[in-house]
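Work through these exercises with the model open in your viewer. Each task is followed by its solution.

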Amino acid sequence: MLGNGVVGILSESTNKWERRVPLTPSHCARLLHGGSGETGVTRIIVQPSTKRIHHDALYEDVGCDVSEDLSECGLILGIKQPKLDMILPERAYAFFSHTHKAQKENMPLLDKILAERASLFDYELIVGDHGKRLLAFGKFAGRAGMIDFLRGLGQRYLNLGYSTPFLSLGASYMYTSLAAAKAAVISVGEEIATAGLPSGICPLVFVFTGAGNVSQGAQEIFKLLPHTYVDPSRLPGLFEMARDSTELGRTTKRVFQVYGCVVTCQDMVEHKDPSKFFDKVDYYAHPQNYRPIFHEKIAPFSSVIVNCMYWEKRFPRLLTIKQLQDLMRNGCPLVGISDITCDIGGSIEFVNQTTLIDSPFFRYDPLDNSYHHDMEGSGLICSAVDILPTEFAREASQHFGDILSQFIRILASSNYIEELPSHLRRACIVHGGAITSLYEYIPRMRKSDLEDLSLTSENAHPVKMKYTTLISLSGHLFDQFLINEALDIIEAAGGSFHLVKCQVGQNTNAMSYSELQVGADDKLVLDKIIDSLTSLANPNENHEFNSSKNNAISLKVGRFKESKVEMEYDTKKKAFVLILGAGRVCRPAAEFLTSIGSDSSQEWLKSFKTGDLDEQTCVQVIVASLFLKDAEEVVESIPNATPVQLDVMNHGSLYNYISQVDIVISLLPPSCHSIVAGACIQLKKHLVTASYVDDSTSKLDEMAKSSGVTILCEMGLDPGIDHMMAMKMINHAHVRGGRIKSFISYCGGLPSPEAANNPLAYKFSWSPAGAIRAGRNPATYRYHGEVVHVGGEDLYDSAKRLRLADFPAFALECLPNRDSLVYGDLYGIGNEASTIFRGTLRYEGFGSIMGTLARIGFFSTEVIPILEDQKRPTYRTFLLSLLNFRKGNMDESTVGEKDITESIVSLGHCKETETAVKTAKTILFLGFHEESEIPKSCRSTLDVTCLRMEERLTYSGTEQDMVLLHHEVEVDFPNGLPTENHRATLLECGKTKDGKTTTAMALTVGIPAAIGAMLLLRKKIQTKGILRPIDPEIYVPALDILEAYGLKLLEKMD
């Protein structure tokens, strides 16, 4: 049955809350309809389930069979371990088996797999070449755990006499989506920012332990609240300031933010020798040399501890019962523990029980060491749910299936393990009823008479040899299979072993720890075994062996790993990216790309290191500009970035640079792209641009395909992110059998509210001339089946008032944006959507003011006589001529708002006095009433206007811009199902760091372009020719990376 192309999906049976699936209907649709030759899948059979997040009908809609009988399936997928009677003979299974560390409770499952001559692939063991797990739910655990705890925090504070915004939150599973849950947290954050928190519970400090995926997920939710991060060393000062304010009577009644603090092991322990500093490698190898300090340095200033770290018994606890009792007697503000790791009896001693999704808290009273299942009374609340990711079953399944589906083709079509790529071979514990060679340690460990994985040496059965010693092995024993090497050394020398203690790491970042009682009948043999094990642990060090019976060594893989990194640093693979153009957009793109593979690589990247580009690949960026100084300014302080001078019109130089790199990003004006694209096609190099596909670029499609070249265009904001968000929503609706009734899209680059400090409420981060010309383009759209045309001269006057439900504080308006109908064809909805509209966002009043300015003549491109006179006119003279002031008034020293308003109305430039007043204020703000002379470079009214706008409507200092992109999609379903309204929003503001401001527009254009280059480097985009980011192979990973990188993508459905 192996390799027959028929895939089965199990019905989850371990827990009533387990609603996740390994593959969603959309994944199944791609596998079934992508062609069996491409996907390796001919049929998918889904066991029926009434609690699965995607109901059976959705699978049937995309072509799956729904049946209890999976006997025709060669490959069967699940999430958790199935019941033993669900294991069929001679099939391949993939799920989280928890067997590869010889966990005693799961050995019956392993025995059943072996007895049925089946094969077993464990998701936990699918790792990339970088050693990181590719399939995991850690961030979803962090997200759900944090939201659930915030809800409980509101209930706990209410019982303590404080009403807080947290009370309005529901549990994670109560929301229809992660986006909806985030929106609820954002709403709580807005209430905190406006109404504040009671001073009696402040400063409210959340302490996060660890910095892995779980911690990142929890912090992702925390960051939706108004917050400030505090270094661990500053915690005492934070509370000292609050205490001083109280004593001086300056305390306010409300506090408008919360505080976060991330702590790692160096904040939790210190060396017992005061002369020695903390060393992570030494701590992992010799934790007995360190003493705990978390209860002294961190816990006294913590309101909430969010535990996200892995812990082993050989390390000091984070917090003991005794330490907590002392803290509470001394007035510690600790209110609760969110133990997202669910480490029962682990690093937090008093967390001695798991909790349930529908009953997530218990109350612990340290003063009498008692446990209660309520929120009333003294003590603190604790949460320890062990199945948190399923609370966001939809998104967790989508994330999981996006990765798993990449492996299905080879798993479904392979008969022999030798046909599999290395990362899947390593994940195969059993094949055809036999333990694979990498996991041969499992039966050996089971034979060691281990009765319990946590037995101590005093309880262990001794090895019956003349000479024995106890050794400890710590490191990546199981995920890097070092345990095999250790056992081989013992047995090859003629010795024997007994497993005394085994504590297994719960993820690939965590190390495991084993104690072995090793014996031999000859002392020299035992010495040889110890020497060999020591060499395995420290291949670059010389050690002398002390033959004491209690001698213990540590397999210091941490040190070995660090040495390996140092040896391989200079041998890292290098990828080269050429960025053409050194404008504002360039720096975010260069920073993104150079962070790949660097020692300071961003945390966001860790979830995406699959395929051909991993942490052993260092990306080198070459920034080329016509003016070398511009390129030098862009790459300043960016490692692995080199500035060069290049004129793209010099074909010899252009071809020389392109020939030396792997990918080219063109941030040049659109008119240059065809030249660059032609060179890339000839040299067989992929190209990314953020510009629209024009006629000259389209003509290169066949040439690019013939050369095996991908030219990825429109990979910016608009176009770019707008395409990706739209296609995700549209395809999601189509897969479920829906039809798009209405598609409306708004996008705008705006000043952030605090920077919208002029009458026009607008500032330019690019050429005012270009923006004004864009405002004169005609527009076409469809509204309720009727095609509407707006002439260029009427565009500003067509602006409509707009309020977004998710951002009610923004007073906006929208203007139609060119031809919206072409997007109906591009998105495949032209024949079904009765409304297709794309609009440009501005703050309310922009259109009426700009329309009035246009009618006055401020945007005229004609050369006017007054600007050709030998004597240069002043701005004031220029204004008076535009407004047809009478000759007698031309010499008046001042022209005020009232005069300008009356003139605008009397000349018929606008009918509403309010608009005339706003226009007059704008004219005065731009300085047209001033007596200074107009430069000779200005020959038209538009030239003068653009010059004034460049001077008066630019961002200054640390002022920030804002990008707002918003889609609204209305979906109709057959069979009388209710209509759904979907919304997706991107809101991003500029960022200031070290005195340098990066605009939101630069971020949202530069980062997508860089992501496009990254995907091409990783060979994730296989399609050749001229592309837009409207296909899943592009937008699915790109949107994930954008969100992981920190861009806020909000999705809602009504």
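Predicted model: local features only at pLDDT ≥ 70, side-chain atom pairs only at ≥ 80, totals over all residues.

**Exercise 1.** Which residues of α1 and α12 meet? Sort the contact by class.

*Solution.* Step 1: list the α1 side. Ser 26, His 27, Arg 30 and Leu 31 take part.
Step 1: list the α12 side. Their counterparts are Ser 397, Gln 398, Gly 401, Asp 402, Ser 405 and Ile 408.
Step 2: classify. The contact of α1 with α12 has 6 polar, 2 nonpolar and 2 charged residues.

**Exercise 2.** Which strands stand at the edges of the open sheet of 8 strands, and why is one side of each left without a neighbour?

*Solution.* Step 1: write the order. It reads β9-β11-β8-β14-β15-β18-β16-β17, with mixed pairing.
Step 1: read off the edges. β9 (227–229) and β17 (370–372) each have a single partner strand, so one side of each lacks a neighbour in the sheet.
Step 2: Neighbouring strands are turned by 25 degrees against each other on average, direction ignored.

**Exercise 3.** In which sense do β8 and β11 pair?

*Solution.* Step 1: find β8 at residues 205–209 and β11 at residues 258–263.
Step 1: check the pairing. The sense is parallel, over 5 bridges.
Step 2: pick a position. Thr 209 stands opposite Val 263 in β11.

Key
Residues numbered from 1 in each chain as written. Heavy atoms only, no water. Pairing = 2+ DSSP bridges. Helix = DSSP H or I, 4+ residues; strand = E, 2+ residues; numbered from the N terminus. Axes fitted to C-alpha atoms, helices over the stretch in contact; angles between N-to-C directions. Contact = heavy atoms within 4.5 Å. Nonpolar A, V, L, I, M, F, W, Y, C, P; charged D, E, K, R; others polar.
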